[in-house]
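Here is a short report on selected sites, spaces and helix contacts. Please read it alongside the sequence and the model.

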Amino acid sequence: MQTQKTSSLWTGTFILLILLNLFNGVAGQMTLPLVAKFAYSLTPDLTLASTVAGLMSLMSLFICPFAGLLSDRFDRKRVLLTAIGGYGMALLLHALAHNISVLIVLRLATGIFFSVVSVTMVAFSSEFIPRDRLGEGMGYVALSLILSQAIGPAVGLELVETLGYQITFALAGIVAFGSVVVILILPYRAEPREEGPRKRIVFSDLFAMEFFGFMLLATLFSSGNGMISTYLAILAEERGIENVALFFTVYSACLVLLRPATGKLLDKRGIYVILVPSIISAALGMVFVGIGYNLGMIVAAGVFKAVGQGSGTPSLQAHVVKTLDKSRSGVATSTIMIGQNVGNAVAPIVGSFFVKSFGYEKMFCGYGVILLAGGLLILLCQHRKEKRQTLN
């Protein structure tokens, strides 16, 4: 396992780590806003198309606990190389999907590799960052993913218009393989494994129960994210809003300013100082999408979403990794990602029924209320639980 002798953060290795996360993020973000529309082009059923869009997260949900186990028990560099190779190949094969059945199989396969990559990437990245600057360091790592959110969707949507779905998916796969090159360059030595019989798998290897409340909060955040990612392009087309990709650009630009600051705040003041405003802002972002009938409102939603879910979720990940021992950083990461995957998988499917019955405005505004009330209640319960544990 990589050890840190000083608190120096900006080294050549850390810059390579940023590039690794950037390549991986761009590959995924290029395709994220396209899947629902691509599926909709293959089937006239909106519910089926929404279900297909959520399949990757649904599969990730089942794989996620085992991804944490793999990350904690095996050489993380080898696990990451294998998973990213499979992820890139799955994206490449999207170019050959000419019917909905093939697309369903590919989304399931993508979900398997995506889950292992996502969990292992966070645990792997944390090994190159000094413990006393973990919040700040993971903030910069998250910043590379934020840049990918600014670049990827805009590039993906533009490429689809000019080159079509097949070539766009193929290019996304090629970008993913760029991550493989960076991993091979990164200097990394895995911690020697203990000799003797392999330790049996127990529940705590798969799920960190102490973070159950934070997992639920991640579910709320990601449900809103899943709804926006799935329906924003379709909503904009229905309402006649052009240049909707600006939402992602503004969202990412705000996070470029916010993430280093929230990372330092996490190291100095703790997680709750960040999460309360994050919940309120994320709820406002959902409401602004719901009532957004022009580009200005959609852009405002992007700002609120950046302060909310964009700051809250990475802070949750950094907090749980920082709280547990490095040997359990995989399960700490996977616990939060289980919540993310639940939201990303379930929310678009459930949302499709609300869209049919009530329309986009009531669906987004209604969820904003649920996010606000539910998020603050979960946070209160988690805080009381930790307080009791501290007293005991």
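## The loop site F128

F128 sits in the loop between α5 and α6. The model is a predicted one. Is F128 buried or exposed? Its relative accessibility is 5%, under the 20% cut-off, so F128 counts as buried.

F128 can also be placed against S60. The two are 68 residues apart in sequence. In space, C-alpha to C-alpha, F128 and S60 are 25 Å apart.

## L103 in helix α5

Helix α5 covers residues 100–126, and L103 is part of this helix. L103 has 0% relative accessibility, so this residue counts as buried.

Which residues does L103 contact, leaving aside its neighbours within four places in sequence? They are F38, A39, L42, V52, H94 and A97. L103 and L42 are 61 residues apart in sequence, and their C-alpha atoms are 9.2 Å apart in space.

## T47 in helix α3

T47 belongs to helix α3, residues 46–73. At 13% relative accessibility, T47 falls under the 20% limit and therefore counts as buried.

## Helices α1 and α6

Two packed helices are described by the angle between their axes and the distance between the axes. Helix α1 spans residues 12–31. The axes of α1 and α6 come within 7 Å. They cross at roughly 35°.

What is the hand of the crossing as α1 passes α6? The crossing is right-handed. The contact of α1 with α6 has 13 nonpolar and nine polar residues, with no charged residues.

## The second largest pocket

The second largest pocket holds about 290 Å³ of space. Its lining is made of 14 residues. Those closest to the pocket centre are K37, L157, E158, E161 and V244.

Which helices each supply at least two residues of this lining? They are α6, residues 134–163, and α9. The largest share comes from α6, with five residues. By class, the lining of the second largest pocket has nine nonpolar, one polar and four charged residues.

## N243 and its phi angle

N243 lies in the loop between α9 and α10, the latter being residues 246–269. At 59% relative accessibility, over the 50% cut-off, N243 counts as exposed.

The phi of N243 is near 55°. This is a positive value in a residue other than glycine. Most residues other than glycine have a negative phi.

## The second largest cavity

How many cavities of 30 Å³ or more are there? The count comes to three. The second largest cavity contains about 60 Å³ of space.

The residues lining this cavity are F221, G224, N225, I228, A282, M286, K305, Q309 and L371. Elements that give two or more residues to the lining are α9 (212–239), α11 (272–290) and α12. α9 gives the most, with four residues. Sorted by class, the lining of the second largest cavity has five nonpolar, three polar and one charged residues.

## Helices α11 and α12

α11 and α12 pack at an angle of about 145°. Their axes are 7 Å apart. As α11 passes α12, the crossing is left-handed. The contact of α11 with α12 divides into 13 nonpolar, eight polar and one charged residues.

## T313 in helix α12

T313 has its place in helix α12, residues 295–323. The relative accessible area of T313 is 4%, under the 20% limit, so T313 is buried.

Where does T313 make contact, not counting residues up to four places away in sequence? T313 touches F221 and Q340. F221 is also one of the residues that line the second largest cavity.

Key: Residues are numbered from 1 along each chain as its sequence is written. This is a predicted model: local features need pLDDT of at least 70, side-chain atom pairs count only at pLDDT 80 or more; totals for chains, interfaces and linings use all residues. Side-chain values use heavy atoms; hydrogens and water are left out. Buried means under 20% relative accessible area, exposed over 50%, partly exposed in between (1.4 Å probe, protein chains only). Contact means heavy atoms within 4.5 Å. On a 1 Å grid over the protein atoms alone, a cavity is a set of points where a 1.4 Å probe fits but cannot get out, and a pocket is an open set with protein on both sides within 12 Å along at least five of seven lines; lining residues have an atom within 4 Å of a point. Grid points are joined across faces, edges and corners, and a volume is the space filled by probe spheres set on the points. Ala, Val, Leu, Ile, Met, Phe, Trp, Tyr, Cys and Pro count as nonpolar, Asp, Glu, Lys and Arg as charged, and the others, Gly among them, as polar. Axes are lines fitted to C-alpha atoms, for helices over the stretch in contact, and angles run from 0 to 180 degrees between N-to-C directions. A crossing is left-handed if the near helix is turned anticlockwise from the far one by less than a right angle, and right-handed if clockwise.
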